[in-house]
Amino acid sequence: MRSLFYVLTALAVIGLAFWAYRENYETQAAQAKAEALQRAISHERQRLRVLNAEWAYLNRPDRLRDLAEINFDSLGLLPLQPYQFGKIDQVAFPPEDTSLPILSPVDVSNMEATQ
């Protein structure tokens, strides 16, 4: 009778140990999944912050004027006024520089035949 009690007790202890091991494994898997989800949420929030900052920068009303002032020499544009932001045909271009000769396009198809 005592041996049957020991066997049943041992089986109960083994069963409880197996149950505790399985619950611990499932808990660790759930924690790993939650941590991965938190990392993904954090990453997406950071991307959203960057996009919002970029949008705020691009949406500034004086940004176009700043760009025109920075590139005034390289683009050869006149400074923009606020009324010019509506349409491209309203942008004022500087007068043409007549000191540079206007060259006609060269026909390269006959160049090999003449050489």
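To begin with the setting, what percentage of the 115 residues of the protein chain count as buried? After that, please take me through the salt bridge.

Author: Of the 115 residues of the protein chain, 3% count as buried, where buried means under 20% relative accessible area, exposed over 50% and partly exposed in between, with a 1.4 Å probe and protein chains only. This is a predicted model, in which local features need pLDDT of at least 70 and side-chain atom pairs count only at pLDDT 80 or more, while totals for chains, interfaces and linings use all residues. Residues are numbered from 1 along each chain as its sequence is written, and side-chain values use heavy atoms, with hydrogens and water left out.

The protein chain has four helices and zero strands, helices being DSSP runs of H or I with at least four residues and strands runs of E with at least two, numbered from the N terminus.

The structure holds one salt bridge, a term for a side-chain nitrogen of Lys or Arg within 4 Å of a carboxyl oxygen of Asp or Glu. Its partners are the side chains of E44 and R47, with 3.4 Å from N to O. Side chains of opposite charge can pair when their charged atoms come close.
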